[in-house]
Amino acid sequence: MSLQPLTAVNCGSLLQPGCSLLQLDGDIFLFGQKGWPKRSCPTGVFGVRLKHGELKLRPISFSNDSCYLPPLRCPAVTRLEPHDGHPEGYLIHGGRTPNNEISSSLYLLTLDSRGCNRKVTLRCQERELVGEQPGPRYGHTLSMVQSLGKRACVVFGGRSYMPAGERSTENWNSVVDCPPQVFIIDLEFGCCSAHTLPELTDGQSFHLALARDDCVYFLGGHTLSSDSRPPRVFCLRVDLLQGSPLLSCEHRDTGLSITSAIATRVGPSHEYIVLGGYQSETQKRMECSSVVLDDSGISIEPREAPQWTGEISHSHTWFGGSLGGGSALIGVPSEGRPAPPEAHYFYQVCFQKEEGGEGEDGNQGCSQESTDFEDSAPLEDSEELYFGREPHELEDSSEGEGDTYNEEDEEDESQTGYWVKCCLGCQVDPNTWEPYYSTELLRPAMIYCSKGEGGHWVHAQCMELTEGLLVRLSQGNGKYFCLDHGGLPRQEMTPPRQVLPLKRSPMKPQHRKGPMMPKMTPAKKRFFRRLFE
C-alpha cells in the first residue's frame, strides 16, 4: 500500500465534504459541487485526472437531451453494470443541495459520447417513480440486487427534515432519521414498494452498503435518537418474485462501528477495503478493514493501515471517495496560522493486489456530511490554443490543463485518433515530424473541420496555411472546413463594414419667415411696459 500526497492545481476549493466520485468508461468524475461560474458548466460535474502527484479537474458537458442535475451532497450512489444492451452508468438518489434543499429525485447518469481530444459528454435522465416512493433524504444508501434474472434498487436509511406538522421556527432546519423502511425500486417500470422488517428498529445514516447478487450488507451507521454507532451488520436478502419481492433480514453484532467511511473494491472479486470515517463525533477511525463477500456471507478482517501523515492524524475531519482499482482519495482541511493558500490537503491511498485487475467500485459509501455551503471558486482559464474549435468545445477540452503538452501522457495517442483523422492527402509522419510553425510546441498544429461525421481534426500544415493565417484563425469562433469538405480551407464571415454616421444638418425652408409680431403703436407699448413693471 502507499500514501501519496497530491497537489490540487487550481481546484482545491471544488472538492468539499459530501462530494461523490464516479467511474465511467475508465474515467473518474467528481459530482456534488456548484458549476464553473466563468464557463458553461452549470452541472457541477468534473473530470478528475491524477498524474505526477497533481490533481486536476476539467468541466464535463451534458448532451442536449439531458435534464438538469443539481449539485447534490451526500446522495445515495450506486453503479449500474451493463445489462441487456443498457450501458454502464450510475444511479443517484436524494442528496442535499448547497441551498440546504433535500432532494427525492432519482437520476440516471450515463456516458453519451467521447469525441475528439478525449472530450467526454454525459447524459442525465430523471427517472419517474410511482407507488410508495422514498421521501427526500441524504446520507442514505442505494444498492443494486439481482435475483431470478431481474434486478432492482434497494434504498435504506438517511436523514431528512422533521415532518411538516412538527416543524416550527426554532427547529425549522432540524433533521431526523428517516423511518427504518426498505424501499425496492423496479428500474424497468419505476414502481416502488416500502417494506418494514422487525430486525430494523432504528433509522441509521452515513452507513456502508455492499451488495452481492441478491444480498445487501449494511455496515455501521449513526442513529440520531440514541447518538450511537453500534458495531452491527444487517444482511438483507431480496427475492424478486413475480408480483411482489420477498425480503428477509439477519442481524450480527460483529460489524464495524463507523460512519462516513470509504469502501474501495480490490480486484475482480467482491473484496473491499474500508478506510476513513469516524468512530465517534470527535474521533476519526484510523484503522482499515478488509471486507469479503462470498457464498458463505461476509467476513471482516483488520487490514494494515498506511502511515498517516501529521496533517491527517491531527485533523478533526476528513472526507473522500473511491477512485476504483483499490485506491481512494482522501482530503483533510488545512489548518494553521497563517492560513495555508490551499483549503485542503489531498492524498491518494493505494492498496496493492496480486491479481492487479482494475476493480470497479460497485457500491460507493456516502461521504461525510458537509456544513460548508459556500460558493465554489472558479478554476483558472487555460492558455492553450485550439485552432477553429467551438467555444463550448474549448471550454470542455480535456487538454486545457497547462501551457505545454506532456508527451508522457498515460494514454497512447496513436489509439485516440490524433494521427489517424486527417485529410486524405495527409503527409505528416508522426515518426519524422518536426515543428513547422513557430507556435507549435511538441506536436503539429491542427484545426477542427466542422463537416463530416461529427467533424474531425486536420493538420494545419496539410491545409497549407500560413502562420499568420493560423494565428488569425485561433482568435475567431467561426467554423472551418478542410480541403476535402467544400474545397475551402476555411469559411470566413464577412466582417461588418463600418459605416460612418451621416451628419444630417437640419433642412432650411426656402422661404423662412420670422416670428409674427403684432404691430403696436408707441402708446400701447408704453402701456404694456408699465403693466408688467
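A contact here means heavy atoms within 4.5 Å. By that rule, residues 24 or more positions apart account for 57% of the contacts in the protein with a separation of 6 or more.

Before you start clicking, note that this is a predicted model, in which local features need pLDDT of at least 70, side-chain atom pairs count only at pLDDT 80 or more, and totals for chains, interfaces and linings use all residues. Residues are numbered from 1 along each chain as its sequence is written, and side-chain values use heavy atoms, with hydrogens and water left out.

**Whole protein.** Color by secondary structure to see four helices and 32 strands (DSSP runs, H or I of at least four residues for helices and E of at least two for strands, numbered from the N terminus). Of the 533 residues, 50% are buried (under 20% relative accessible area, 1.4 Å probe, protein chains only).

**Residues 215-219.** Now select strand S19: five of its five residues are buried, so the strand is largely enclosed by the rest of the structure. Show side chains next. In a regular strand they alternate between the two faces of the sheet. On one side of S19 look for Cys215, Tyr217 and Leu219, and on the other for Val216 and Phe218, all buried.

**Residues 208-212.** Alanine 211 stands opposite valine 216. Two residues lie between these strands in the hairpin, where aspartate 213 takes a positive phi near 60°.

**Residues 232-239.** Finally, select strand S20, an antiparallel partner of S19 over five bridges. Here phenylalanine 234 stands opposite phenylalanine 218.

Technical notes:
Pairing = 2+ DSSP bridges.
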